Amino acid sequence: MPRPTPPPSVHHGLVLEPRDVHFDWTALPLHWIPDEPMATHVINVLHLLLPEGERWFVEVFKDALPMITDEQLREEVRGFIGQEAIHAEAHQEVLDHLLGQGLDPRPYVRQVSWLFHRVLGDRPGLSAAGSREHTIERVAHVAAIEHFTAFLGHWILNSPALDRAQADPTMLDLLRWHGAEEVEHRSVAYDLLRHLDPGYLRRVRGMLVAGPLLVHLWVRGTRFMLAADPLLDGRLKPTWREAHLNARRGLLPDLRVMARSAVRYFRPGYHPTQEGSSSQALGYLAASPAARAAAH
């Protein structure tokens, strides 16, 4: 069995600031990447998954807080909880806007809510030891998911093709603000997992569960959005070929690059600081129109 690296004893003085951002969606077109409905809806799956998913993150981390014995890590987890709660509400506003445009996301969102809160949620009636074990297992799932959100955050911060395609600037600011915060706090879930269980097997198990689940949810979400789009009337079907072509044009992440990133998670010496750039993330947060408005 690979020998894991010891959990970090120093957390680099990370201070996570929940930024109470607000966005005006009144002018957002249904296809906010002009003439690119598939690329638009592939990214729109984020709005389907994140409100319920990040509320679940918050529940899991609140359950884990009493188990933390490192004061710096505890403060990071509290900051993480604050940021994730605001993320959930920001994406919920997009869902409300889509509903007003005639695209009803609620059937899919109900399925996502059931998955996170019933299948992966709390389990009343467990013993104290069983409850602790269940919480740590869910932290492992969050850590794996956070690897992907950090990957996507790094991608969206480095996606000039979306600007060239004249994607809606408010949506780009939402995605880049959120992506920058995902890069900023990319180590917290992993460090919490290593604090609660420094072993290698649980980390691997978390990714083996979360990785395929995310792919499945994303494919189903894309199919749902294209079928529910009132402007398309069911005429456009998603294909892997189209996704690959959009990725080559820079409108979507490259699935091969994402897969290589996921493989890095299995390395015994892996740590999330090896992915993305904190300085780039903080630079965007200093320039983001929504984050700047929230600071004043």
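Predicted model: local features only at pLDDT ≥ 70, side-chain atom pairs only at ≥ 80, totals over all residues.
Residues are numbered from 1 along each chain as its sequence is written, and side-chain values use heavy atoms, with hydrogens and water left out.

**Exercise 1.** Find which residues line the largest cavity, and which element gives the most.

*Solution.* Start with the term: on a 1 Å grid over the protein atoms alone, a cavity is a set of points where a 1.4 Å probe fits but cannot get out, and lining residues have an atom within 4 Å of a point. Next, list the lining: Trp56, Phe116, Leu120, His141, Ile145, Val209, Ala210, Leu213 and Leu214. Finally, turn to the helices (DSSP runs of H or I, at least four residues, numbered from the N terminus): α8 (201-228) and α4 (128-157) each supply at least two lining residues, and α8 gives the most, with four.

**Exercise 2.** Describe the lining of the second largest cavity by element and class.

*Solution.* First, pick out the lining residues, including Glu146, His147, Arg186, Tyr190 and Glu275. Elements giving two or more residues here are α4 and α7 (188-196). The largest share, four residues, comes from α4. Sorted by class, the lining has seven nonpolar, one polar and three charged residues.

Definitions and conventions:
1 Å grid on protein atoms, 1.4 Å probe; cavity = no way out; pocket = protein on both sides within 12 Å on 5 of 7 lines; lining within 4 Å. Nonpolar A, V, L, I, M, F, W, Y, C, P; charged D, E, K, R; others polar.
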